[in-house]
Amino acid sequence: MTADTATEVFEEHRSVLLGVAYRMLGRVADAEDVVQEAWLRWSGADRGEVREPRGYLVRVTTRLAIDRLRQIKARGETYVGPWLPEPYVTDFGNTVPDAAERAVLADSVSLAVLVVLESLSPLERAVFVLREAFGYPYAAIAAMLDRTEAAVRQLSGRARRHVDERRPRYEVDPVQRRALTERFLAAAAGGDLEELMALLAPDVRLVGDSGGKAKAPLRVLESADKVARFLVGAARKGVAELSVRLLELNGGPAALALSGDEPDAVFQLDVADGRIQAVYIIRNPDKLRFLAGL
């Protein structure tokens with residue numbers, strides 16, 4: 001395999017590798033670092049011994065992501081306020097023709113699921129991602145992780161139960177989510193308390209992630225009244241040169257608020273039974289810089 005061919009093979013699988021690394025880490029910069037390290041391993045490997053490049057690259061990326069996740073957990077970093085994953089630009093519609101597969105991929109990268117995955121061990125998270133998001137058989141995962149198939153099945157079962165117990169059960173209809181997102185944005189921007197109350201479920205939750213570097217609630221807000229009044233108050237304070245654009249993030253419609261040309265916030269909603277069940281707001285500037293220029 002020539003150097004040019006090796007580069008082409010790697011680039012062919014880059015999006016998959018980034019998808020694995022991001023689901024493992026929930027951080028775009030860390031995921032990109034892992035994929036870059038995987039490239040260095042690939043470029044220095046004896047590729048004549050590699051029978052299946054995609055499997056080899058996924059294995060290397062997964063192991064690097066496990067190491068990175070262990071390092072992050074070992075540092076025991078404290079985070080100011082609620083934590084949400086970095087927004088991740090997705091567009092499964094053009095790359096994944098099967099609707100069922102698109103739904104699985106979108107769910108596995110959703111903010112709600114990624115928050116739950118943070119509580120798994122690195123090995124549990126790796127098995128969950130490879131099995132649930134990418135459909136790898138247990139035997140293949142076992143080979144990737146140097147574990148027995150029985151051990152992988154046990155890890156998978158434990159991770160699946162943990163996620164099922166903690167993940168919220170929301171609809172993933174993108175048309176309804178987009179329509180409610182547009183109505184929500186109009187009501188929030190206009191400070192329309194009555195309309196917001198009509199859109200929000202009674203037990204709605206608002207999770208704001210600022211990392212202490214921007215204004216956002218330092219605790220999760222619960223109830224339609226508290227969430228609506230917070231949004232109305234935020235609208236009254238305003239943002240300089242505000243503009244909003246809709247795009248797809250983490251497998252669903254989201255709103256990117258810009259102050260001039262700089263990302264100021266990301267809003268995303270979870271929806272069920274025609275009402276908004278959760279509002280996610282990401283304002284940590286470190287997590288928004290990847291969206292600049294979109």
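Predicted model: local features only at pLDDT ≥ 70, side-chain atom pairs only at ≥ 80, totals over all residues.

Trainee: OK, so in which sense do E1 and E2 pair?

Mentor: The cut-off is at least two bridges, and strand E1 (residues 200-209) and E2 have two bridges. Leu206 stands opposite Leu221 in E2. The sense of the E1 and E2 pairing is antiparallel.

Trainee: Which are the edge strands of the sheet?

Mentor: Take the order of this open sheet of six strands, E2-E1-E6-E5-E4-E3, with mixed pairing. An edge strand here pairs on one side only. That gives strand E2 (221-222) and E3.

Trainee: How many bridges join E3 to E4?

Mentor: Start at the hairpin of E3 and E4, with two residues between the strands, where Asn250 takes a positive phi near 50°. Leu249 has Gly252 in E4 as its bridge partner. The strands run antiparallel, and the number of bridges is eight.

Trainee: Which strands does H12 touch as it packs on the sheet?

Mentor: Helix H10 (residues 174-189) lies across E3, E4, E5 and E6, at about 125° to E5. H12 makes about 50° with the direction of E1.

Trainee: Is Val239 buried or exposed, or in between?

Mentor: Val239 sits in the loop between helix H12 (224-237) and strand E3 (242-249). Along with Leu242 and Val244, Val239 forms a nonpolar surface patch of about 230 Å² accessible area together. Because its relative accessible area is 34%, Val239 counts as partly exposed.

Methods. Residues numbered from 1 in each chain as written. Heavy atoms only, no water. Patch = residues over 30% accessible without salt bridge, like charges linked within 9 Å, V, L, I, M, F, W, Y side chains within 5 Å. Areas by Shrake-Rupley, 256 points an atom, 1.4 Å probe, with all protein chains shown as cover. Salt bridge = Lys/Arg side-chain N within 4 Å of Asp/Glu carboxyl O. Helix = DSSP H or I, 4+ residues; strand = E, 2+ residues; numbered from the N terminus. Buried < 20%, exposed > 50% of the residue type's maximum accessible area, 1.4 Å probe, protein only. Contact = heavy atoms within 4.5 Å. Axes fitted to C-alpha atoms, helices over the stretch in contact; angles between N-to-C directions.
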